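Visitor: I would like to go through this model with you and ask, for each label, what stands behind it.

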Amino acid sequence: MVLKHKKDQYCFFRITDSQSDRRYKLQLSRELQRFGALFNYASIGIIVTNQEGDIILINDFALNQFDYRREELIGQKVEKLIPRRLHHKHIGHRERYNAHPQSRPMGIGLDLFAVRHDGSEFPVEISLSHYSNEEGHFVIAYINNITERKKAEERIERLNDELESMVEERTQQLVKALADLEASKEDLTIALSKEKELGDLKSRFVSMASHEFRTPLSTILSSAFLVKHYAAETEQPVRNKHIQRIVNAVSFLTDTLNDFLSVGKIEEGKLQARYSMFQIREYFQTIIQEMQGIIKEKQTIRYEHTGEDICWLDTSLLRHIAMNLLGNAIKFSAPDSTIEMDTRMEDNLFTLMIKDYGIGMSQEDQQHLYERFYRGTNVSNIQGTGLGLHIVQKYSELMNGAISCASELGKGTVFTITFPADPINIP
């Protein structure tokens, strides 16, 4: 540069370190690239606004979320991305935040919504941050689309409502069952003939009911409470685990209630055998299929039939007998064991045999096998009411059947029931 002063000329030269300048520019370029990668490739929407609420920066993820082009949003008010009905409130919130900026979630305790280019709304979660420089104060909004999370929460809420309704229904059934049993007290007294025996029966029932219902109801309550705490989509396996626990507990309560109701009907004399013709193989294969829901891992049920395939019996009572005996065989056998079921129809006699290789029973336990509420001394850790075999015996008697049991501790149990199945002799 040439300057004149009092007719004298002066030249000014600028001397710089070009290598240092290049290094600075290269470093600056790298930093800008890092910032660009962090900003544009973030998997969350990022919007930067000035104090007036004008959008000055927006990343690609946010553009895809809102379905806008960059030039359509830069310089626009951030309220453009908020439902119109909320504009007035948001302007006030924005001004209060600018007066006292801090890093925090936005709308704590509220459901927040954003609006796309086409006017459709979607739920969001927003966190706010801020920074300042010589150009002013700026606000950074991190926006996350939580549509899938909301859907999952709604599904969980619906499931909770259904489960609560189911528990309420089952509770009402329990109350009704208890009321029915109490109402049949007089008939039970006559059937048992001794007041002492009736008192003992009630005591054992109350003790068993309080124990057997407390555990599944506690399971339902705790699992229902835990389910709502796993709202993320990735936590579905954990939710499924607790839901399955609830389903299992409700199924156990249903079976228990059915046992109570069956005992009541038996003692009141309200049950009668209703005979009908059925195909034996198809009938029992259907029952085996239904039992797959409770079968243990690697357990198998082997079924064989010999003789004629047509039989006359009460299919409802027979189904209860078969499922109860199969359920016991599954419950008291190891996970990798085989359960055998054989049926035979010969000379107008139908025979059902179910054999397992489970824990078996002692001779002492076998003497009390069909008593109400009696449970073997070696099954204390396995759920049950002690009513199943009592009901099996009574149902068998209703069809003039004869039941026998052979068992040995540690080696398994065999139940055999024989029914007269000649339609000519059916009452």
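Guide: Helix α10 lies across β10, β12, β13 (349-356) and β15 (412-420), and runs at about 20° to β13. Contact here means heavy atoms within 4.5 Å, and angles run from 0 to 180 degrees between N-to-C directions of axes fitted to C-alpha atoms, for helices over the stretch in contact. Helix α12 (residues 388-398) also packs on the sheet, where α12 touches β14 and β15 and makes about 20° with the direction of β15. This is a predicted model, in which local features need pLDDT of at least 70 and side-chain atom pairs count only at pLDDT 80 or more, while totals for chains, interfaces and linings use all residues. Residues are numbered from 1 along each chain as its sequence is written, and side-chain values use heavy atoms, with hydrogens and water left out.

Visitor: How do you know that the span of helix α10 agrees with its 17 residues?

Guide: The expected span is 1.5 Å times one less than the number of residues; for α10 (residues 315-331) that gives 24 Å, and because the end C-alpha atoms are 24 Å apart, the two agree.

Visitor: What caps the N-terminal end of α10?

Guide: Aspartate 314 does, with a side-chain oxygen 2.9 Å from the backbone nitrogen of serine 316. A polar contact is a pair of N or O atoms within 3.5 Å, where within protein one must be able to donate a hydrogen and the other to accept it, and residues adjacent in sequence count only if both atoms are side-chain atoms.

Visitor: Why are β10 and β14 said to stand at the edges?

Guide: The open sheet has five strands in the order β10-β12-β13-β15-β14, with mixed pairing. β10 (300-307) and β14 (402-408) each have a single partner strand, so one side of each is left without a neighbour in the sheet. Strands pair if DSSP finds at least two bridges between them, and β10 and β12 (residues 338-346) pair in the parallel sense over eight bridges.

Visitor: Why is asparagine 50 called buried, and what makes tyrosine 41 exposed?

Guide: Buried means under 20% relative accessible area, exposed over 50%, and partly exposed in between, with a 1.4 Å probe and protein chains only. Asparagine 50 has 16% relative accessibility and therefore counts as buried, whereas tyrosine 41, with a relative accessible area of 70%, is exposed. Asparagine 50 lies in strand β3, and tyrosine 41 is found in the loop between α1 (18-40) and β3 (45-50).

Notes. Helix = DSSP H or I, 4+ residues; strand = E, 2+ residues; numbered from the N terminus.
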